[in-house]
Amino acid sequence: MKPRHIFLAILVLSASLILSGCTNYDYEYFFSFKDEQDLSNANGTWILECDYPDDYSFNSKGINLQNANLACPWRFSGDIRVTVRFWLNVNEDYYYWLGLGLSDSTWWCGLPANDVHMDMEYLGYSDWEYYYIADHDTLDGEDAVHYEDDGVFKGLRKNGFNEYVLTKTGNKIVAKMNGVSFASFTLEEYDSEWFGPNLGSAYMNYQSPLYGATFESIKIEYSGSVSEMPD
């Protein structure tokens, strides 16, 4: 049996023993970019989408993305809670786009997909900062926009450590940044049982691995099943 398939069986059959104290979720997946200093471990390989080799790099805090997307090797069903720990360093000279979302495929692959986009554009350039939250079904071209306004997500630290928590309970999405709620809505167009985390960052001015988003770790707690992310 392939290692990925071994992990899949272990994750489904025994992860509940690890989380015996959790009343809301049965299983857990965790990956630390900071500790691994890699995209792979025994539990799978993160799917990197980028144009150039220097669009990502590892440092003491995790993985810095310059113009790239990272998709989780796994997709999850049922109720889900995603916790992403990351660092930001942006300003008027080095402003970035940051995307945190869920999809049944990878964001940049071009495959038909369902997704929940939570995007911050021109992050660091105060006069242009803008956020956009929507869910899509690209198979039929439908989308539902839930938030679209100037500014940044409530609670976000543009220079420092952040903890982003998204919960999906049924079709209801609630998202918090550093404990501050910034979104609450019901999915309207998303047409899939599978939800896989995607982490994206793109520079909008001068590219530098000293700036932008550096992802430390991600934890997914869930109550349903798991399948491989298509790539």
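## The cavity and its lining

Ten names to look up first: Val82, Val84, Leu100, Gly101, Leu102, Tyr164, Leu166, Pro197, Asn198 and Leu199 line the largest cavity. This is a predicted model, and a search through the whole of it turns up 1 cavity of 30 Å³ or more. The volume of the largest cavity comes to about 50 Å³.

What kinds of residue make up the lining? As for where they come from, at least two lining residues are supplied by each of strand S9 (80-89), strand S10 (96-103), strand S14 (159-169) and strand S17 (196-203).

## The seven-stranded sheet

Two of those cavity-lining strands, S10 and S17, also turn up in an open sheet of 7 strands. Reading across, the order goes S4-S7-S17-S10-S11-S12-S13, and the pairing is antiparallel. Which strands stand at the edges? That would be strand S4 (47-50) and strand S13 (142-150); each has a single partner strand, so one side of each has no neighbour in the sheet. On average, neighbouring strands here are turned by 15° against each other, ignoring direction.

## Strand S17 and its neighbours

S17 sits between S7 and S10 in the strand order. On one side, strand S7 (residues 67-71) is joined to S17 by 5 bridges, with the two running antiparallel. On the other, S10 and S17 pair over 8 bridges, again in the antiparallel sense.

Is S17 mostly buried or exposed? Buried is the word for 7 of its 8 residues, so the strand is largely enclosed by the rest of the structure. Take Gly200, which lies in S17: its relative accessible area is 0%, so it counts as buried. Gly200 and Leu70 are 130 residues apart along the chain, yet their C-alpha atoms are separated by 6.2 Å.

## Cysteines

How many disulfides does the structure hold? The count is 0. For anyone curious about individual cysteines, Cys50 has a relative accessible area of 30%, which makes it partly exposed. Cys72, with 0%, is buried.

## Two positive phi values

Most residues other than glycine have a negative phi, so a couple of backbone spots deserve a look. Gln37 has a phi near 50°, a positive value in a non-glycine residue. It is found in the loop between helix H2 (33-36) and strand S2 (40-41). At 36% relative accessible area, Gln37 is partly exposed.

Notes. Residues numbered from 1 in each chain as written. Predicted model: local features only at pLDDT ≥ 70, side-chain atom pairs only at ≥ 80, totals over all residues. Heavy atoms only, no water. 1 Å grid on protein atoms, 1.4 Å probe; cavity = no way out; pocket = protein on both sides within 12 Å on 5 of 7 lines; lining within 4 Å. Points joined across faces, edges and corners; volume = space filled by probe spheres on them. Helix = DSSP H or I, 4+ residues; strand = E, 2+ residues; numbered from the N terminus. Pairing = 2+ DSSP bridges. Axes fitted to C-alpha atoms, helices over the stretch in contact; angles between N-to-C directions. Disulfide = S-S within 2.5 Å. Buried < 20%, exposed > 50% of the residue type's maximum accessible area, 1.4 Å probe, protein only.
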